[in-house]
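User: I would like to go through this model with you. Could we take it one topic at a time?

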Amino acid sequence: MMKARVIVTLKNGVLDPQGKAIEGALGGLGFGDVGSVRQGKVFDVELTGSDKAAAQAELEQMCEKLLANTVIENYAIEIA
C-alpha cells in the first residue's frame, strides 16, 4: 500500500475570489500581517501497488482527467 498526496493550486494570474474573501476575513479577525491568500485543494490517495514510477504515472493521469483543471490549475504529487 502506498500513500500519495496531490496538491492542486490555481495558476498565477488566475483570479481567486475565494482566496480574496479569506484574506479579507483574516484581516477582519485581526491578522494584519497576511499579505495575500490563494486557496487550493488537497487529495490524499491510497494506492494498492508498490511501484512508485507506475503510481506517479497513474496519479498524473488522475490529475489530467479529473482532479485538476489543467487550464487554470497546477498540481504537485507527493508519494510516501
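User: Which residue follows α1, and what is its phi?

Analyst: In this predicted model, α1 is followed by G30, which has a positive phi near 100°.

User: And how many residues does α1 have, and how far does the helix reach?

Analyst: α1 consists of twelve residues and covers 16 Å between its first and last C-alpha. That is close to the 16 Å expected at 1.5 Å a residue.

User: Moving past the helix, where is V34 found?

Analyst: V34 lies in the loop that runs between α1 (17-28) and β2 (40-47).

User: Which residues make the nonpolar surface patch?

Analyst: L29, F31 and V34 make that patch, with an area of about 310 Å².

User: Let us turn to β2. Where is V45, and is the residue buried or exposed?

Analyst: V45 sits in strand β2. Its relative accessibility is 18%, and the limit for buried is under 20%, so V45 counts as buried.

User: What does V45 touch, leaving out residues up to four places away in sequence?

Analyst: With those neighbours left out, V45 is in contact with M2, K3, A4 and L59.

User: How far apart are V45 and V6?

Analyst: Their C-alpha atoms are 7.7 Å apart in space, while 39 residues separate V45 and V6 in sequence.

User: Now the whole chain. What pattern does the protein follow along the sequence?

Analyst: The order is β-α-β-α-β, with two helices and three strands. The radius of gyration is 16 Å, well over the 12 Å that the globule rule gives for 80 residues, so the protein is more spread out than a compact globule.

User: What does the C-alpha trace span along its principal axes?

Analyst: The trace spans about 45 × 25 × 15 Å along those axes.

User: Last topic: what share of the contacts with a separation of 6 or more comes from residues 24 or more positions apart?

Analyst: Residues 24 or more positions apart account for 70% of those contacts.

Terms used
Residues numbered from 1 in each chain as written. Predicted model: local features only at pLDDT ≥ 70, side-chain atom pairs only at ≥ 80, totals over all residues. Heavy atoms only, no water. Patch = residues over 30% accessible without salt bridge, like charges linked within 9 Å, V, L, I, M, F, W, Y side chains within 5 Å. Areas by Shrake-Rupley, 256 points an atom, 1.4 Å probe, with all protein chains shown as cover. Salt bridge = Lys/Arg side-chain N within 4 Å of Asp/Glu carboxyl O. Helix = DSSP H or I, 4+ residues; strand = E, 2+ residues; numbered from the N terminus. Expected span 1.5 Å × (residues − 1). Rg over C-alpha atoms; globule rule 2.2 N^0.38 Å. Contact = heavy atoms within 4.5 Å. Buried < 20%, exposed > 50% of the residue type's maximum accessible area, 1.4 Å probe, protein only.
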